[in-house]
Every structure is written in structure tokens, then in C-alpha cells.
Amino acid sequence: MGDLDYGTDAEQVTRIAEQVRSTRDRGVEVAVVVGAGNIYRGLQAAARGMDRATGDYMGMLATVLNALTLQDALEKVGEHTRVMSAIDVKEVAEPYIRRRAMRHLEKGRVVIFAAGTGNPFFTTDTAAALRALEIRAEAILMAKNRVEGVYDADPASNPDARFIPELSHREAIEQDLKVMDSTALSLCMDNDLPIYVFNMADERNIDRIVSGERVGTLVSNGPAR
């Protein structure tokens, strides 16, 4: 959204695409799970009082719009990209098939996973954890908006909020730290998948994490990798 109340800021999308490109230039395989807060925020009034499942399907369709936007930006910076959707929209995206997604990654393409898990009552956090495990990802990089990582309170409303550089999945769940929803955290914990929570506003952060630097907060079951 950038500084918009809702919608898409083209400059922000381009910045994200360029960060993904610089990561790909290192030979790293990259898959992206997109949310839809920027679109759904504009639909909140219409969705008020709506059936939960219907609202979730609206959110999934909104992630397809974001996936296509990001795909266009990535291709403009020279990255071969595939959008794979958990909901059938074959005119604009491939259906999600695990083996095909892994093949795209092996061929050096950026894969964008759209429409969450394809099921209501599951967040895009859970979709990120599920897809990461399915494609055997080494880590999840969870981008935050102008927040350096995980805090023990909301730093936007509490100036005394304490930054937490490292914690376990179980601690995040037990302390209700809003890193991810509990379903996603449980998946990561049970499968020993680390999560790096970082500030997306700093364009160097993804590259620094990939390079092995400690950036933001590491959520894991054990020592830093």
C-alpha cells in the first residue's frame, strides 16, 4: 500500500520486485506467498456481517490480484515468473501442483503462490507455512511493514515495547506474540522450519538474511542456521 489507505502503490511493488531479483541473482530459489490486506482493507465495510467463509473466499481472490501485480513487476525487471493459484483461475494462473512448483523453482523461475490454501478459515500465514514445507524450503522470510521484527507489545502504540531478537516457535505461541497465527507457527514448530521476521522497508534486509547476517527476529526450534 505504501502510504495509501488501501490499494496498490506501484513504487512499492517495484521495490519488492527488485529485492526479489537481487536475491535470485545469488542463485537462491525464491517462492512468494502474497496476502491481500491492501485490497481487503478497502472492502471491510462491504464485508461487515458477511458469512466468514464468503469473506475468506473474497480475500483469496484478492491475493490473486496481488500475485498478478507482482508477477508483472518481476517480469519487468527480467525475472521469469509463474503464478500458481489454489483456486482454479486457469485463464490467469496455473493450478497449484506441488511437483510443478518445485520444477519451476529448479528452472530458476520465481513462483508466486496465490489464493492461500484454497480453503476458508486458514490465513495466508498458514498458506506460507504449508507451501514452504511442501517445496522443502529452508526458511520463511516474513516481511513486516516498518517493524524491525518481533516485540513483546505493539511498538506502534507502546513506546516501551521490547524488541526480541530470537525466540522459539513455542514461546511465540504461548506468549501470543502475533508473529504468525498459531496454526502456521505449529506447522513450523513441528517441522523445524525457521522464520525470519524483518522490516521490508529496508531494501537491504532480504539480501542480508540470505547472506547469513542476523536481521530482525529469528523464530526457530534451535540455534541460528
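I took a salt bridge to be a side-chain nitrogen of Lys or Arg within 4 Å of a carboxyl oxygen of Asp or Glu. I am working with a predicted model, in which local features need pLDDT of at least 70, side-chain atom pairs count only at pLDDT 80 or more, and totals for chains, interfaces and linings use all residues. Residues are numbered from 1 along each chain as its sequence is written, and side-chain values use heavy atoms, with hydrogens and water left out.

**Entry 1**

I began with R100, which forms a salt bridge with E94, the closest N and O atoms being 4.0 Å apart. R100 has 39% relative accessibility, so I noted it as partly exposed; my cut-offs are under 20% relative accessible area for buried, over 50% for exposed and in between for partly exposed (1.4 Å probe, protein chains only).

Next I looked up R82, which also has a salt bridge with E94, with 3.7 Å between the closest N and O atoms. This pair links distant parts of the chain, 12 residues apart: R82 is in strand β2 and E94 in strand β3 (residues 94-95). I count helices (H or I, at least four residues) and strands (E, at least two) as DSSP runs, numbered from the N terminus. R82 is partly exposed, at 26% relative accessibility.

**Entry 2: the other salt bridges**

How many salt bridges does the structure hold? I found 16.

One of them joins the side chains of R24 and E79, at 3.6 Å from N to O. R24 lies in helix α1 (residues 10-24) and E79 in the loop between α4 (52-76) and β2 (81-85), so this pair ties together parts that are 55 residues apart in sequence. Are R24 and E79 buried or exposed? Both are buried.

**Entry 3: Q19**

I stayed in helix α1 for Q19. Q19 has a relative accessible area of 3%, so I wrote it down as buried. Leaving aside residues up to four places away in sequence, Q19 touches M200, D202, E203 and I206; contact here means heavy atoms within 4.5 Å.

**Entry 4: an open sheet**

Last, I traced four strands in an open sheet, ordered β5-β9-β10-β8 with mixed pairing. Which strands are at the edges? They are β5 (140-144) and β8 (166-167), each pairing on one side only. I call two strands paired if DSSP finds at least two bridges between them.

Strands β9 (residues 195-199) and β10 (residues 217-219) run antiparallel and are joined by three bridges. For V197, I found the bridge partner T217 in β10.
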